[in-house]
Each structure stands twice: as structure tokens, then as C-alpha cells.
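Here's a quick walk through one protein chain, written for someone who would rather look at the fold than at a list of coordinates. Have a look at the model first, then read on.

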Amino acid sequence: MAVVGPVTERWAPEQAGPVHENWQLAAPIGPATDLWALGALLFRAVQGHAPYPEESTAELVQMVCAEPPAFAEECGPLRPVVESLLRQDPTERLDFEELRGWLRSLVRSAPEPEAGAYVIAAPPVDATRLPVVRRRGELVRRRRAGLPATSAHGRHKRAKQGRQEVASSPRRLGRTLLLLVLLLMAAAIAYAMLFMPKSTDSTGGAGDTDRTGSAGEVSEAPASSEPRPDQNSPKASPSESAEPQATTGPDVADGFTLRTDSAGFRVAVASGWSHTPENGRGQVVYTHGDFDLIVVPGRDSADEYGEDPMAYQREDERELQPYRDSSWASASGLKTIQVGGRTMAEGQFTWTDDAGRELFVRNLAMLVDGKYHVVQVRGPEAERDEVTRLFEQAAATYEVTG
């Protein structure tokens with residue numbers, strides 16, 4: 001019991017029988033014991049937890065003798081197989097030939113995965129990268145004597161009362177230290193906000209105020225993908241395709257230039273970025289390496305898409321169509337912002353593009369004089385801080401000039 005510990009696969013009822021006298025069958029340990037272990041392993045793999053509580057060995061071996069396991073309700077077609085393998089009487093379990101025939105039948109009748117729009121291109125293999133080091137699994141985790149292990153309990157989960165807490169537990173000590181650190185950080189932030197002298201925001205634009213709003217909601221969508229914005233189909237006239245005028249101002253941070261574009265807007269762009277004039281999608285694109293700044297100066301009207309920037313961002317904005325189409329996508333930080341008489345919607349998005357790259361995107365949609373203006377910055381998922389730095393400068397300085 002001390003070596004094996006509370007692991008359901010290793011405690012079939014006939015193995016736990018010698019520990020508790022209330023087991024009556026007393027069948028000899030044999031192949032049926034391995035079949036029990038297979039049933040418990042399939043249950044754990046499909047449902048995410050063991051069919052019995054695993055907090056203590058004494059309780060586990062007593063329960064496998066006294067009670068049937070949790071129902072394999074989420075095992076789908078495997079449910080009758082798993083529940084047959086976990087019968088308490090070893091003589092009632094499937095034998096190997098029955099199990100082999102059942103599994104072969106399930107494999108033959110299993111539907112093929114759906115292809116088409118749901119196929120995701122695999123990222124290119126980098127032979128120089130090391131494999132990801134993963135934590136130990138539940139079955140091989142070593143536990144110190146006297147320290148309970150936590151796991152899901154299925155339908156047998158019940159409250160443990162009167163348990164004596166182990167004061168010297170490293171896990172408890174770690175949680176306590178983490179809580180203290182978080183409390184100290186919160187206190188320091190509160191002190192800085194209340195008592196430190198306020199300074200002018202170096203990234204704020206004209207008429208900037210604190211941005212607050214209500215959190216938006218994310219709606220899931222089916223999967224596909226869309227290429228990056230077309231930067232090779234300009235519709236502007238030759239006089240408009242020239243580089244935008246570069247200026248500087250008090251609200252522009254170091255390393256940025258305030259650029260006035262002939263499409264009718266002004267925005268701060270990192271120095272040295274290339275510029276593509278307005279294309280057939282109504283986008284003006286600034287690029288540098290893996291980063292893109294996309295500006296849409298009033299392409300869509302409120303008459304067509306309504307006057308709710310959050311609904312426009314979530315459902316209609318074409319620059320976020322890859323997010324809506326991707327099956328590997330997420331959204332967070334959605335909020336509606338009121339600055340003076342201007343209504344805006346902001347959000348953070350991630351998706352995987354056609355090349356298998358994981359993108360992190362900051363997006364701002366604003367309604368100005370009945371037209372929607374979009375400021376969006378895209379970059380690698382691993383460069384979230386840089387994407388945020390570029391986006392904050394662009395969003396804070398964006399101004400309609402046309």
C-alpha cells in the first residue's frame with residue numbers, strides 16, 4: 001500500500017480483497033486483474049479522472065470492494081466496454097477474445113474525421129527545437145507519505161470533514177507565500193494609484209481620458225482561415241500612393257513617428273516601417289518583419305452595420321474574419337469605450353493563420369461621423385508585449401483628418 005499508493009489501475013477488487021474482509025468472492029488474481037486495469041485506464045483517459053476517489057489508499061481499496069465505480073457516462077461508444085471491464089466480480093468481466101472482437105467492431109464502425117474547412121495546416125517542423133518537457137502524470141507522480149493527492153472524484157466525490165491539516169506541507173506553504181506576494185503587490189498598486197503624483201500620459205492623444213467600459217462577449221464561429229490583408233492591390237491614385245507625411249508631436253513616444261496619410265488620417269507608426277497605400281479592401285497597411293499595422297479609415301458605414309462598435313467588431317469587421325473562421329481562436333479584453341462623444345470597441349484576439357503561425361492581435365473599432373474606423377496591430381503570439389506597445393501608440397494617436 002505504501003509503494004503503490006491510491007492508484008485505481010493497481011487496486012482491482014481481488015487485489016484489495018486481502019486488505020478488507022468484506023470482499024466475499026476472493027477470486028484468484030489473474031488475467032481479469034489486467035482487464036480491470038485497462039478499464040480504469042480507459043475511463044481516466046476519456047473522462048479525465050479516475051472512476052474512484054484517489055485521496056487515500058485505505059479509502060480506495062475499501063471502495064473498490066464495497067461500491068461499483070462511477071458510470072462511464074462520457075465514454076460514448078466505449079461506455080459498455082469500460083463498464084464491463086470494471087465489474088467487481090472478475091468472472092463477469094470480458095475475456096480477451098470478447099474484448100478484442102468488441103474493439104475491432106468499434107474501430108470498423110467509427111466515422112472518419114470530417115475534412116474540408118476543419119483541416120488545420122500543421123506548422124513546419126523545426127528539427128532544432130527540443131521537445132516540450134511535461135509534468136509527471138498522475139500514475140507516476142511520487143507523493144510523500146502522509147500528503148493526500150488531489151484528483152477528480154466522479155460521482156463518488158464527497159466532503160472530507162475532520163481531516164487534520166498538515167502544517168508543514170510544502171504545497172500549503174507555497175500557496176500561503178503566493179497569497180502574501182499577491183496581497184503585497186495589490187497594496188503597492190493601490191498606494192501608487194492613490195498617493196503617487198500623476199503625470200501626463202506620454203502615449204495619450206488629443207482629448208485622451210481613462211478608458212473604461214463594460215466587458216463584451218465572445219461568440220464562437222466555425223473554422224476556416226483567411227490570408228493576411230492584401231497589400232498588392234492598391235486602388236489609390238498615383239498622387240495618393242506616396243509615403244505619408246512624417247511629423248512629430250508631444251504625444252508620440254520615442255521610436256515612433258506621427259504619419260499623416262492621404263487616405264484621411266494621422267497615426268503614430270514605429271520608425272522605419274514600410275507603407276502600403278489603401279488597397280482594394282479599404283486598408284492602409286504598415287509593416288515591419290512579422291508585425292502589421294492595419295488602418296481602415298471609414299470604409300463601413302453605420303447605416304449598413306448599425307451604431308454599436310462592439311457588435312460591428314464581433315460580427316462584421318472584415319479584419320477579424322480570420323478569427324471568426326479559425327477553429328483555434330480566442331478573444332479577451334472585449335470592452336466598449338466612451339471618450340467624449342466618441343464610442344469605440346476594443347479587444348484582444350488570437351488565431352492561427354494559413355502558414356500555421358499563431359498570431360496575437362489588438363483591435364480598435366471606432367465610430368466617427370457615421371463611419372467605422374479600424375486600428376489593428378498583428379504580430380506573433382510570443383511577442384504580445386511588442387504588439388501591445390505598437391497598438392497603444394497607434395490607438396492613442398489616431399486622428400481623422402479627411
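This is a predicted model: local features need pLDDT of at least 70, side-chain atom pairs count only at pLDDT 80 or more; totals for chains, interfaces and linings use all residues.

Seven strands make up an open sheet, ordered 4-5-6-10-9-8-7, with antiparallel pairing. Strand 4 (274-276) and strand 7 (330-339) sit at the edges with a single partner strand each, so one side of each has no neighbour in the sheet. On average, neighbouring strands are turned by 15 degrees against each other, direction ignored.

| Strands | Bridges | Facing residues |
|---|---|---|
| Strand 6 (291-301) and strand 10 | eight, antiparallel | Val295 and Val375 |
| Strand 9 (358-368) and strand 10 | 10, antiparallel | Ala365 and Val374 |
| Strand 8 (342-352) and strand 9 | 10, antiparallel | Ala345 and Ala365 |

How covered is strand 10 (residues 371-380)? Mostly: nine of its 10 residues are buried. Strand 9 and strand 10 form a hairpin with two residues between the strands, and there Asp369 takes a positive phi near 50 degrees.

**Helices on the sheet**

Helix 8 (residues 309-316) packs on the sheet, where it touches strand 6, strand 7, strand 8, strand 9 and strand 10. The direction of helix 8 makes about 25 degrees with that of strand 8. Helix 10 (residues 384-397) lies across strand 6, strand 8, strand 9 and strand 10, and runs at about 155 degrees to strand 10.

**Helix 2**

Helix 2 (residues 31-47) has 17 residues, which at 1.5 Å a residue should span 24 Å; the end C-alpha atoms are 25 Å apart, so the two values agree.

Which residues of helix 2 are buried? They are Ala32, Thr33, Leu35, Trp36, Gly39, Ala40, Phe43, Arg44 and Gln47. Their cover includes helix 1 (13-16), helix 3 (57-66), helix 4 (79-85) and helix 5 (96-109).

What does the side chain of Arg44 make a polar contact with? The partner is the side chain of Glu9, at 2.9 Å.

Notes. Residues are numbered from 1 along each chain as its sequence is written. Side-chain values use heavy atoms; hydrogens and water are left out. Buried means under 20% relative accessible area, exposed over 50%, partly exposed in between (1.4 Å probe, protein chains only). Helices (H or I, at least four residues) and strands (E, at least two) are DSSP runs, numbered from the N terminus. Two strands pair if DSSP finds at least two bridges between them. The expected span of a helix is 1.5 Å times one less than its number of residues. Contact means heavy atoms within 4.5 Å. A polar contact is a pair of N or O atoms within 3.5 Å; within protein, one must be able to donate a hydrogen and the other to accept it, and residues adjacent in sequence count only if both atoms are side-chain atoms. Axes are lines fitted to C-alpha atoms, for helices over the stretch in contact, and angles run from 0 to 180 degrees between N-to-C directions.
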